[in-house]
Amino acid sequence: MDYRLSRKLLWIGIDGGMAILAVSLFVNQERLKIAFMIAAAAVFALGVFQALLFYKCPKCGCSLIKSKGGIPENCPQCGEYLKLEDKYEEQKKERQE
């Protein structure tokens, strides 16, 4: 899996878990509230778990999850350029047209 897709899925898991947890605050039935909380924890955990598995440098496989901020510009281990690859490819195609 591509590291950019993995990062998006990480944030979907985090935001989705928080949204489900927020919904649980407005539920009055105890069992339903617990079900929402369990679902929120599961969505959050799945987002983090997949990031631990797939949010890695495409060249050397170094985990990028320990990097601060967004996608690092270069891999902390091998120095592979990571950031904005799609934008440079799009600009290159535009120049060729």
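Trainee: Starting with helix α1, which residues are exposed on its other side?
Mentor: K8 and I12 are exposed on the other side of α1, where exposed means over 50% relative accessible area, buried means under 20%, and partly exposed lies in between (1.4 Å probe, protein chains only). Helices are DSSP runs of H or I with at least four residues, strands are runs of E with at least two, and both are numbered from the N terminus.

Trainee: And what should I know about the model before I read on?
Mentor: This is a predicted model, in which local features need pLDDT of at least 70 and side-chain atom pairs count only at pLDDT 80 or more, while totals for chains, interfaces and linings use all residues. Residues are numbered from 1 along each chain as its sequence is written, and side-chain values use heavy atoms, with hydrogens and water left out.

Trainee: Which residues of α1 are buried, then?
Mentor: They are Y3, S6, L10, G13, I14, G17 and S24. Seen down the axis of α1, these buried residues fall within an arc of 100°, so they line one face of the helix; the arc is that of the directions from the helix axis to the C-beta atoms.

Trainee: How far does α1 reach from its first C-alpha to its last?
Mentor: With 22 residues, α1 reaches 31 Å, close to the 32 Å expected at 1.5 Å a residue, the expected span being 1.5 Å times one less than the number of residues.

Trainee: Back to K8, how exposed is that residue?
Mentor: K8 lies in helix α1 and has a relative accessible area of 58%, which is why K8 counts as exposed. K8 and A51 are 43 residues apart in sequence, yet 9.3 Å apart in space, C-alpha to C-alpha.

Trainee: What does S24 touch?
Mentor: S24, also found in α1, is buried at 1% relative accessibility. Leaving aside its neighbours within four places in sequence, S24 is in contact with K33, F36 and M37, where contact means heavy atoms within 4.5 Å.

Trainee: Okay, on to α2: which residues are buried there?
Mentor: In α2 the buried residues are A40, G47, Q50 and A51, and the buried residues of this helix pack against α1. Helix α2 has 25 residues and spans 36 Å from its first C-alpha to its last, close to the 36 Å expected.

Trainee: Which residues does Q50 contact?
Mentor: Apart from neighbours within four places in sequence, Q50 is in contact with M1, S6, L9, L10 and Y55, and Q50 counts as buried at 10% relative accessibility.

Trainee: And is I38 buried or exposed?
Mentor: I38, in helix α2, counts as exposed at 56% relative accessibility. I38 and I20 are 18 residues apart in sequence and 9.4 Å apart in space, C-alpha to C-alpha.

Trainee: Which residues make up the largest nonpolar core?
Mentor: That core has 10 residues, namely Y3, L10, I14, A51, Y55, C57, C62, L64, C75 and L82, and helix α1 (residues 3-24) gives the most to this core, with three residues. A nonpolar core is a set of buried Ala, Val, Leu, Ile, Met, Phe, Trp, Tyr and Cys residues joined through side-chain atoms within 4.5 Å.

Trainee: New topic: how many salt bridges are there?
Mentor: The count comes to two salt bridges, each being a side-chain nitrogen of Lys or Arg within 4 Å of a carboxyl oxygen of Asp or Glu. In one, the side chains of D2 and R4 meet at 2.9 Å, N to O, and D2 counts as partly exposed at 33% relative accessibility.

Trainee: Which residues form the other pair?
Mentor: The side chains of K59 and E80 meet in a salt bridge at 3.9 Å, N to O. This pair links distant parts of the chain, with K59 and E80 both placed in the loop between α2 (30-54) and α3 (85-96), 21 residues apart. K59 counts as exposed at 59% relative accessibility, whereas E80 counts as partly exposed at 27%.

Trainee: Last one, what is the overall picture?
Mentor: The protein has three helices and zero strands, and of its 97 residues, 23% count as buried. Among contacts between residues at least 6 apart in sequence, 40% join residues at least 24 apart.
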